[in-house]
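Reader: Before I use the labels attached to this structure, I would like to see how they are reached. Could you show me the molecule and then take my questions in turn?

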Amino acid sequence: MSAFEPQAIDVARLEGDVAYRVAFLTAYVGLTEVDRALIRASRPHLTPWLDALMVAIEGRLLGFSNTARHFDGLPPAMVTVHLRAYVDTILRPRDEAQLAAYLDHVARAHGPDGGDPTIVVPLVEVSGLLA
């Protein structure tokens, strides 16, 4: 396949098939098996830095008015609890299909069709997770 011939992607399938979406995003960003192995190997080394990582994540989320507004009315400790649970979950060694399903659940829960109608994170902010 030439670099200029687009690969056929089933756009409708991207919405409903988590494994297909992960495969697409993996190919799109160029994530390799070497990259995956390095990510898995880094997990134990991140544990000592988890508290500092949490402070940095909270600082980013609460440091901009457009992202901080999603936490209005929540006690700071609750923000910490939710973020810590998320970070602990994504760093926990697990099957990649399970992780993809979890991330899909989190994304949907924070979207317009999520479980809590007061929690709708705009696409531009969700897209920031890919940056």
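Author: What follows is a set of questions about the labels given to parts of this structure, each answered from its value and its cut-off.

Reader: What kind of model is this, and which secondary structure elements does the protein have?

Author: The model is a predicted one, and its secondary structure comes to 8 helices and 0 strands, so that from the N terminus on the elements run α-α-α-α-α-α-α-α. The C-alpha trace spans about 50 × 35 × 25 Å along its principal axes, and the protein exposes about 9700 Å², of which carbon and sulfur atoms supply 66%. Buried residues make up 18% of the 131 residues, and among contacts between residues at least 6 apart in sequence, 48% join residues at least 24 apart.

Reader: Why is helix H6 called roughly antiparallel to helix H7?

Author: The axes of H6 (residues 76–91) and H7 (residues 96–109) come within 10 Å and cross at roughly 155 degrees. Angles over 145 degrees count as roughly antiparallel, and therefore H6 is roughly antiparallel to H7. The crossing of these two helices is left-handed.

Reader: Which residues make the contact of H6 with H7, and how do they divide by class?

Author: On the H6 side the contact is made by Ala 85, Tyr 86, Thr 89 and Ile 90, and on the H7 side by Leu 99, Tyr 102, Leu 103 and Val 106.

Reader: What makes H2 roughly perpendicular to H7?

Author: The axes of H2 and H7 come within 10 Å and cross at roughly 95 degrees. The band for roughly perpendicular runs from 65 to 115 degrees, so the label for H2 against H7 is roughly perpendicular. Val 18, Arg 21 and Val 22 of H2 make this contact with Ala 100, Ala 101, Asp 104 and Arg 108 of H7, and the residues divide into 4 nonpolar, no polar and 3 charged.

Reader: Why is H4 described as oblique to H6?

Author: Helix H4 (residues 50–62) and H6 pack at an angle of about 125 degrees, with their axes 10 Å apart. An angle of over 145 degrees would be needed for roughly antiparallel, and the roughly perpendicular band ends at 115, so H4 is left as oblique to H6. H4 passes H6 in a right-handed crossing. From H4 the contact takes in Leu 50, Asp 51, Leu 53, Met 54, Ile 57, Glu 58 and Leu 61, and from H6 Thr 80, Leu 83, Arg 84, Val 87, Asp 88 and Leu 91, which by class gives 8 nonpolar, 1 polar and 4 charged residues.

Reader: How do you know that Arg 36 is buried?

Author: Arg 36, which is found in helix H3 (residues 33–46), has a relative accessible area of 17%. Buried means under 20%, and therefore Arg 36 counts as buried. Leaving aside its neighbours within four places in sequence, Arg 36 is in contact with Thr 26, Leu 31 and Glu 96.

Reader: What label does Thr 26 receive, and why?

Author: Thr 26 lies in helix H2 (residues 18–29), and because its relative accessible area of 14% is under 20%, Thr 26 is buried. Not counting residues up to four places away in sequence, Thr 26 touches Leu 31 and Arg 36. The C-alpha atoms of Thr 26 and Ala 12, 14 residues apart along the chain, are separated by 18 Å.

Reader: Why does Glu 125 count as buried?

Author: The relative accessibility of Glu 125 is 14%, and the cut-off for buried is under 20%, so Glu 125 counts as buried. Glu 125 lies in helix H8 (residues 123–127) and touches Asn 66, Thr 67, Arg 69 and His 70, not counting residues up to four places away in sequence.

Reader: Is Val 11 buried or exposed, and what decides the label?

Author: Val 11, placed in helix H1 (residues 11–16), has a relative accessibility of 58%. Exposed means over 50%, so Val 11 counts as exposed. The C-alpha atoms of Val 11 and Ile 39, 28 residues apart along the chain, are separated by 28 Å.

Notes: Residues numbered from 1 in each chain as written. Predicted model: local features only at pLDDT ≥ 70, side-chain atom pairs only at ≥ 80, totals over all residues. Heavy atoms only, no water. Axes fitted to C-alpha atoms, helices over the stretch in contact; angles between N-to-C directions. Helix = DSSP H or I, 4+ residues; strand = E, 2+ residues; numbered from the N terminus. Parallel < 35°, antiparallel > 145°, perpendicular 65-115°, else oblique. Left-handed = near helix turned anticlockwise from the far one by under 90°. Contact = heavy atoms within 4.5 Å. Buried < 20%, exposed > 50% of the residue type's maximum accessible area, 1.4 Å probe, protein only. Areas by Shrake-Rupley, 256 points an atom, 1.4 Å probe, with all protein chains shown as cover. Nonpolar A, V, L, I, M, F, W, Y, C, P; charged D, E, K, R; others polar.
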